[in-house]
Amino acid sequence: SIYVTHTTVNRFFHILTDWYGWMEFLKASTSEYLKLLWHEIWKSPLIKDVSEIPHASEMKNDYKKAEKQKNIKWYRDEKALKIVWKTGNVIPSEVIHFDIRWNQIKNYAKKLGVSVTSLMLWYVVIATAKATKWNKWNIHIQVPVNMRQFYDSETLVNFSLYVLIKVKKENIWDFKTLVHDIQNQIKAKATKEHLNEKMCYANDTEKKIRFLPLFFKKYLVRAIFRFIWNNTISNTLTNIGIVNLPPEMWKHILKADACLWPQVNRKISCALITCNDITTLTITKTIKNKQFENSIIDQLEKDNIEFSLHW
């Protein structure tokens, strides 16, 4: 038998959806694509039926489900350590994929007593530290969180927030302490109580700027994003998780990967996705310097984790 691999490029913006909604769309479009090639793909609860009229709950703004709180804090994190090197020649960015066997990385994380997300965050923290020149600020890794797990939500529009995992650069060399500290930070911050407050703050801010002129609002939001929010993040690791598909689709799927669009003030971003027993860490970068990906390679080899590299 001859198997042909097709690549699907799917770009989306958070104004429309988040990675959860993107994955639902990608699974449904892949299913329809296979049907057009005369493959038998049966109806499944794992795949949205494109012939059905979307339910109203799939298009709701569920940020409104935030439970009201008093004395909402102004979220202003301290400035983060940034990766600053000369911009590379690949436009708009260079993309590097690390393919790792899911069972191998899962068993290694289990041996350490941490989650796969915590383990991969440790690799990203180490790589970020080695790719930065200064020690003035701490390393902040942005980790998006799917809010649907905390609320009764079926929405496919954007419904995610993020937590910041913070590490002092001088502490990265104590492996056991650091990887468990990362695990503890995720457990403490990725909770309904912690993120509900952020949702309340976002809803309150939206009410305050709702009636501002559009031209003024446009530049205000852009300034906040670039000079306040974006400067508090060193790097991003989005873990999309395990892709679930119907059995008849698996023989047509080799793997999946996710590429984050490069940001103006963030030279490197990372995404993680597991499909068909392959966990793929994708690095999107706009700089020439190779210290970041070389550090990932060194750590994987040191931990005896087999991987293949594609770019």
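1. In this predicted model, helix α2 (residues 102-112) packs against helix α3 at an angle of about 90°, and their axes lie 9 Å apart. Helices here are DSSP runs of H or I with at least four residues, numbered from the N terminus; axes are lines fitted to C-alpha atoms over the stretch in contact, with angles running from 0 to 180 degrees between N-to-C directions. The pair α2 and α3 is therefore roughly perpendicular, a description that covers angles of 65 to 115 degrees. On the α2 side the contact is made by W102, I105, K106, Y108, A109 and L112, and on the α3 side by V116, L119, M120 and Y123, where contact means heavy atoms within 4.5 Å.

2. The largest nonpolar core comprises 57 residues, and Y123 and F292 are those with the most contacts inside it. Such a core is a set of buried Ala, Val, Leu, Ile, Met, Phe, Trp, Tyr and Cys residues joined through side-chain atoms within 4.5 Å, and buried means under 20% relative accessible area, with exposed over 50% and partly exposed in between (1.4 Å probe, protein chains only). Helix α3 (residues 116-130) gives the most to this core, namely 11 residues. A second, separate core holds 18 residues, among them W22, M23, L245 and A258.

3. Not counting residues up to four places away in sequence, F292 touches I83, V124, A127, T128, A131, N235, I268, C270 and I283.

4. N196 belongs to helix α5 (residues 192-209) and is buried, its relative accessible area being 3%. Its side chain reaches the backbone oxygen of E67 at 2.7 Å. Once neighbours within four places in sequence are set aside, N196 is in contact with A66, E67, Q69 and Y151.

5. The structure holds 0 disulfides, a disulfide being a pair of cysteine sulfur atoms within 2.5 Å. C259 is in none, since the nearest cysteine sulfur, that of C270, is 11 Å away; at 44% relative accessibility, C259 counts as partly exposed. For C275, the closest cysteine sulfur is in C259, at 14 Å, which is too far for a bond, and C275 is buried, with a relative accessible area of 2%.

6. On the basis of these values: residues are numbered from 1 along each chain as its sequence is written, and side-chain values use heavy atoms, with hydrogens and water left out. As this is a predicted model, local features need pLDDT of at least 70 and side-chain atom pairs count only at pLDDT 80 or more, whereas totals for chains, interfaces and linings use all residues.

Notes:
Helix = DSSP H or I, 4+ residues; strand = E, 2+ residues; numbered from the N terminus. Polar contact = N/O pair within 3.5 Å; in protein donor to acceptor, adjacent residues only side chain to side chain. Parallel < 35°, antiparallel > 145°, perpendicular 65-115°, else oblique.
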